Amino acid sequence: MSASMRILDIPKRPDPKMVAEFAKMVTPHLSDSMERLYAGGPQLRPMYKGPTMAGPAFTVKTAPGDNLLVHKALDTAKPGDVIVVDAGGFNDHAIIGELMSARAKQRGIAGMVIWGAIRDSAELGAGSYPVFASGVTHRGPYKNGPGEINVPVTMGGMQVNPGDIIVGDADGLVAVPLDMAERVLASAKSILEKETKAMKEIQAGTVDRSWVDKTLKEKGYKL
């Protein structure tokens, strides 16, 4: 068997209760909690209008413009998984469209992330099923392979390992490794609490802005 013919399973999935907690968070808070270093590139955009997507990454690495292994993933991913496809960021051929996303939804897949293109964008955009992609084209895919399932992939500068918690919303995507998950979740909750307090201060007109001039003076500005 060649290295490009591996079909594996996720070695370890996160606790569904933890995934549900991550689904309550926003990607900016999660990104800030990982020092802004671990996030999908801005090319990966939501192609739907709906709720936050969260679930363990069921990864697919495929030849650009080819979706044979994505079809296998649709048949074998478990309910709650997010199918994450590294198609090389190649946007000349669509990897999925309305039919494949409908199949994923029917199977209980939590969403799909395509480092590559989609088609049927009007239909997907009018729906609430989570799909992220880096482009749109009418040109369809090939079904020749090669490809692999549940191996490490990279998309938009973001490394994703099978089982990482993928969270996606209107601002983009983050992938949280399981060994960081509890710390990142606690940090994101803390940031949410601080920002909720700050918003109340803004609305009440009681914000202390003295830090701006203080910082400028420290940097040598004469005010």
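Predicted model: local features only at pLDDT ≥ 70, side-chain atom pairs only at ≥ 80, totals over all residues.
**The chain as a whole**

- The secondary structure of the chain consists of seven helices and 10 strands.
- Along the principal axes, the C-alpha atoms of the chain fill a box of roughly 65 × 35 × 35 Å.
- The chain has 223 residues, of which 43% count as buried.
- When contacts between residues at least 6 apart in sequence are considered, 77% of them join residues at least 24 apart.

**Helix α6**

- Helix α6 covers residues 181-204, which makes 24 residues.
- At 1.5 Å a residue, this helix should span 34 Å, and the distance of 35 Å between its end C-alpha atoms agrees with that expectation.
- Buried positions in α6 are Ala181, Val184, Leu185, Ala188 and Ile191.
- Just after α6 comes Gly205, which takes a positive phi of about 70°.

**An aromatic pair**

- The chain has a count of one aromatic pair, and this pair is formed by Tyr48 and Phe132.
- The arrangement of Tyr48 and Phe132 is edge-to-face, with 5.5 Å centre to centre and 70° between the planes; an angle over 60 degrees counts as edge-to-face.
- Tyr48 lies in the loop between β1 (45-46) and β2 (53-62), whereas Phe132 lies in strand β5 (residues 131-136), so the pair ties together parts that are 84 residues apart in sequence.
- Both Tyr48 and Phe132 are buried.

**A buried glutamate**

- Strand β6 (residues 147-149) contains Glu148.
- Glu148 has a relative accessible area of 10% and is therefore buried, since buried means under 20%.
- The side chain of Glu148 is joined to the side chain of Arg6 by a polar contact of 2.5 Å.

Notes: Residues numbered from 1 in each chain as written. Heavy atoms only, no water. Phe/Tyr/Trp six-rings, centres within 6.5 Å; stacked < 30°, edge-to-face > 60°. Helix = DSSP H or I, 4+ residues; strand = E, 2+ residues; numbered from the N terminus. Buried < 20%, exposed > 50% of the residue type's maximum accessible area, 1.4 Å probe, protein only. Expected span 1.5 Å × (residues − 1). Polar contact = N/O pair within 3.5 Å; in protein donor to acceptor, adjacent residues only side chain to side chain. Contact = heavy atoms within 4.5 Å.
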